[in-house]
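Please look through the structure shown here.

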Amino acid sequence: AMQGCDWVFHAAAISQYWRNSPEVIYTVNVEGTRAVLRAARECGVQRVVYTSSVGALGLPDSPGELLDETHGFNLSNIRFPYGHSKVLAEAAIREAVAGGLDAVIVNPATVIGQRDIGFVGGEFLRAARKGQAVFAPPGGMGIVSARAVGVGHVLAVERGRKGERYILNGENISYRALMDTVADVVGARGPWFTMPGPVLQGGAGLIDLWNRVQKGTPLVDGTQARLGRYFLYFDGSKAARELGLPQSPAHAAVEEAWYWYQAHGLL
């Protein structure tokens, strides 16, 4: 498939980590990336853009810290196999660059927008629509629209520096503010309260236990609950400065997703 191609965008991955086993996550995210790189070298591709994740950056070292491209992963692979899989895939990218392949890494924050048929970021909208968004976690996250991420990939292949990482982020926002925004856009009720961090931490183990005994695909897992205590905020200034990435507020990302889901009868 890569024969005759100048550019390759490797965006295939298991991002719904709470719905898949660690074995599947590592096979697809790590070994799949190595297969893509081998094929790119064999076909003489000029540049590869690899879609990583801010999950590869770990947790902030201190309250209020904005994570940037220099931050290293500081979680165990057992605690967060998805983030660790992205770390290993990025290492494969750097090895390929050292071997002469031209590649650039982009690290999107939480993506909300059109074509999210797996309801990854779109789970916020689906939960609100179904009346399941009863409480908000106490932390926050970076949100970026799917459209901005697509533009960021094109800008990365055109303007990115070989071997560099670029965080694609739109807005840092608390979970409570994001869920209130989602409720406003979809015409639902917002969360009733914000869950205290210690309570959320204690409930994470119960969520994992429930997922082990119940049948069907988990709505959430303990890892998500534990991460919900943190303000995972990101510095996207490098992508704005070097790539010219346009800024996309969270409200615009939620509207983008909502209109697309409505147009396709998915919500």
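Leu 178, Thr 181, Val 182, Asp 184, Val 185 and Val 186 in helix α5 meet Ala 250, His 251, Val 254, Glu 255 and Trp 258 in helix α9. Contact here means heavy atoms within 4.5 Å. Helices (H or I, at least four residues) and strands (E, at least two) are DSSP runs, numbered from the N terminus. This is a predicted model, in which local features need pLDDT of at least 70 and side-chain atom pairs count only at pLDDT 80 or more, while totals for chains, interfaces and linings use all residues. Residues are numbered from 1 along each chain as its sequence is written, and side-chain values use heavy atoms, with hydrogens and water left out.

Two packed helices are described by the angle between their axes and the distance between the axes. Axes are lines fitted to C-alpha atoms, for helices over the stretch in contact, and angles run from 0 to 180 degrees between N-to-C directions. For α5 (residues 175-186) and α9, the axes come within 10 Å and cross at roughly 40°. That angle makes α5 oblique to α9; angles under 35 degrees count as roughly parallel, over 145 as roughly antiparallel, 65 to 115 as roughly perpendicular and the rest as oblique. The crossing of α5 and α9 is right-handed, where right-handed means that the near helix is turned clockwise from the far one by less than a right angle, and left-handed that it is turned anticlockwise.

On the α1 side the contact includes Pro 22, Ile 25, Tyr 26, Asn 29 and Val 30, and on the α2 side the residues include Pro 81, Tyr 82, His 84, Ser 85 and Leu 88. Ser 85 of helix α2 is buried, with a relative accessible area of 0%. Buried means under 20% relative accessible area, exposed over 50%, and partly exposed in between (1.4 Å probe, protein chains only). Not counting residues up to four places away in sequence, Ser 85 touches Ile 25, Tyr 26, Asn 29 and Val 30.

The aromatic rings come next. Rings of Phe, Tyr and Trp (its six-membered ring) pair if their centres lie within 6.5 Å; planes under 30 degrees apart count as stacked, over 60 as edge-to-face and the rest as tilted. By this rule there are 5 aromatic pairs. In one of them, Phe 119 and Tyr 261 are stacked, at 4.7 Å centre to centre with 5° between the planes. Phe 119 lies in the loop between β4 (110-112) and α3 (123-129) and Tyr 261 in helix α9 (residues 250-263), so the pair ties together parts that are 142 residues apart in sequence. Both Phe 119 and Tyr 261 are buried.

The rings of Phe 135 and Phe 193 have centres 6.0 Å apart and planes at 25°, so this pair is stacked. Phe 135 is in strand β5 (residues 135-136) and Phe 193 in strand β9 (residues 193-194), so the pair ties together parts that are 58 residues apart in sequence. Phe 135 is partly exposed, with a relative accessible area of 30%, and Phe 193 is partly exposed at 35%.

Which residues do ring pairs link into a cluster with Phe 119? Ring pairs link Phe 119, Trp 260 and Tyr 261 into a cluster. Arg 126 lies over the face of Phe 119, at 4.2 Å from the ring centre. A charge sits over a ring if NZ of Lys or CZ of Arg is within 6 Å of the ring centre and within 35 degrees of the ring normal. The charged end of Lys 238 sits over the ring of Tyr 166, 4.9 Å from its centre.

The backbone of Phe 119 has a phi near 50°, a positive value in a residue other than glycine. Arg 115 is found in the loop between β4 and α3, and has a positive phi of about 70° although it is not a glycine. Is Arg 115 buried or exposed? Arg 115 is exposed, with a relative accessible area of 60%, whereas Phe 119 is buried at 7%.

Leu 243 is in helix α8 (residues 237-243) and counts as buried at 0% relative accessibility. Leu 243 and Gly 152 are 91 residues apart in sequence and 7.6 Å apart in space, C-alpha to C-alpha. Leaving aside neighbours within four places in sequence, the contacts of Leu 243 include Gly 152, Leu 155, Ala 156 and Tyr 166.
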